[in-house]
Amino acid sequence: MSRLSDATASALPASVARPGYDRHAVRTGVVHLGLGAFHKAHQAVTYEAALNSGDLRWGILGASLRSAGVRDQLAPQDNLYTVTAREGADERTQLIGALQGVLVAPEDPAALVAAMAAADTHLVTLTVTEKGYKLDPATGALLREDADLAADLASLDRPRTAPGLIVAALARRRAAGLDPFTTVSCDNLPHNGRRLRAAVLALAAHHDEHLRDWIDARGAFPETMVDRIVPATEATDTAALAARIGLTDHAMVKTEPFSQWVIEDRFVGERPDFGAFGAQLTGSVAPWEDAKLRLLNGAHSGIAYLGGLAGIEFVHQFVAIPSGRAFVEALWDESAETLSPPAGLDVPAYRTALMGRFANSALNHRTRQIAMDGSQKLPQRLLAPILARLERDQPVETLALAVAAWMRWQEARDDAGNGFKVDDPLAALTARHASLPADDAVGGLLSIDAIFPPRLAEHAAFRRLLTASLSALRAEGAQAVIDRHYG
Ligand code: NAI
Ligand code: CS2
């Protein structure tokens, strides 16, 4: 079967929406760091809409900071790929032409810095995962002991990290008399803009205080809340798409119909008319971000660890079990009380919609994928609402069970005894404690201050609750514990 490319795209069925603009007339206004599934299915779709409206400033140059895989997938396809939104039996596919090219930073960091420093580049955006910012998950401070960051602290001649690339490119723009670009984190980090700004300023200050002051005065790092469930593409997805559209797309992404992007209206120079293309510009993102990180992502993490331990592969399978669905609702009952919902967010309706999104069996969202990088995710998803509730002497039984399940997950063995690799930058550290007797394991894991703030680590009642939950998970198994409490 032929592969998707400029030469073959005309053979696509009429049902596939395609670019309504001349790809060769597009200017590259966006450089995106971390060209992964989520960017392709979320922000890129917004830029595609801008291009289709006739605003040809918003082509994308993607960059991988780690490997050549995505570039090698897309180059033979002239950087074309498709986004397929699935819900039950319904699926809609769109051809995306906004991507103009892909750079691989380790191969040629200078080329990436030059692209970020180009006059046409108005936005530098990121989806490098929570761990890509080289920040302490609990405090947000730079992880100066990280090898790549240490190299960027020593020299920015060949930057390796996202903050390093941004500082090097901003220095280049300042020297050329250009304004900074607007730097937009699109990762599930709390106060993502503020955290990225702090990392960039700290790294800039290390090299040149005047550069730091210029970025501080002239730069913009808007906060964002980003939401679209985009599971990793699997071979079966690619094969099913090829059978339907008659071309092979090795860079396809699958997602849901839902998409939301809330952006703080804080930009330096030119930007797309985001509001016209479905994004929400606002003065305050935090209430939206808290709701999404604590309700959607908090439930996701609880499902990932409890479901994963019980041998449940997919999110929709977990919520199809009555006790699983009841667990999610109980977690939402606890977390929702810690929110200050923004005007326009109806929390009960949001929860109902979320449960429908989780139940979407067409996504096959793997619990194992969500379980990844838990040390980087727990603080904002589960620990923040727990802290808020403990400060008000409110119970945290369900949130604590989700944390205990993460602790049990660190043992790298599910309830059936199947071993697995804990995919987490702190896995070596958590493994030291995970298999100790329950209270020692809990105490050791709570002592990891990159994850647990002292107020939690020192909370005796919380530690006792975690120890009881972990003991039950070890003795009965996750499914039995969920059935006993929520069945
Ligand atoms: P992905 O695995 O497809 O892409 C991850 C990207 O991050 C890749 O380009 C990878 O090279 C880069 N990366 C990973 N570790 C890095 C590091 N240490 N330094 C620099 N770059 C690094 O994952 P996907 O689905 O694109 O998700 C990426 C991020 O997007 C998530 O971590 C999350 O913050 C955010 N997100 C994802 C959603 C989803 O459903 N997939 C939804 C909402 C937000
Ligand atoms: C998921 C998120 O993998 C995970 O951690 O919880 O990627 C989730 O799919 C998105 O935040 C949904 O917007």
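Visitor: How much space lies in the second largest pocket?
Guide: About 450 Å³. This is a predicted model, in which local features need pLDDT of at least 70, side-chain atom pairs count only at pLDDT 80 or more, and totals for chains, interfaces and linings use all residues. Residues are numbered from 1 along each chain as its sequence is written.

Visitor: What counts as a pocket?
Guide: On a 1 Å grid over the protein atoms alone, a pocket is an open set of points with protein on both sides within 12 Å along at least five of seven lines, and lining residues have an atom within 4 Å of a point.

Visitor: Which residues lie nearest the centre of the second largest pocket?
Guide: Ala138, Pro190, Arg195, Pro379 and Ala384, out of 23 lining residues.

Visitor: Which helix gives the most to that lining?
Guide: α15, with seven residues. At least two residues each come from α7 (192–207), α10 (286–309), α15 (374–391) and α19 (454–457); helices are DSSP runs (H or I, at least four residues).

Visitor: Now the ligand. Which residues come nearest ligand 1?
Guide: Ala37, Phe38, Asp187, Asn188 and Val230, among 22 residues around ligand 1, where near means a heavy atom within 4 Å.

Visitor: How far is the polar backbone atom of Phe38 from an oxygen atom of ligand 1?
Guide: 2.9 Å. For Thr127, a backbone N or O atom lies 3.3 Å from an oxygen atom of the ligand. A polar contact is a pair of N or O atoms within 3.5 Å.

Notes:
Chains are lettered from A and ligands numbered from 1 in the order in which they are written. Side-chain values use heavy atoms; hydrogens and water are left out. A polar contact is a pair of N or O atoms within 3.5 Å; within protein, one must be able to donate a hydrogen and the other to accept it, and residues adjacent in sequence count only if both atoms are side-chain atoms. On a 1 Å grid over the protein atoms alone, a cavity is a set of points where a 1.4 Å probe fits but cannot get out, and a pocket is an open set with protein on both sides within 12 Å along at least five of seven lines; lining residues have an atom within 4 Å of a point. Grid points are joined across faces, edges and corners, and a volume is the space filled by probe spheres set on the points.
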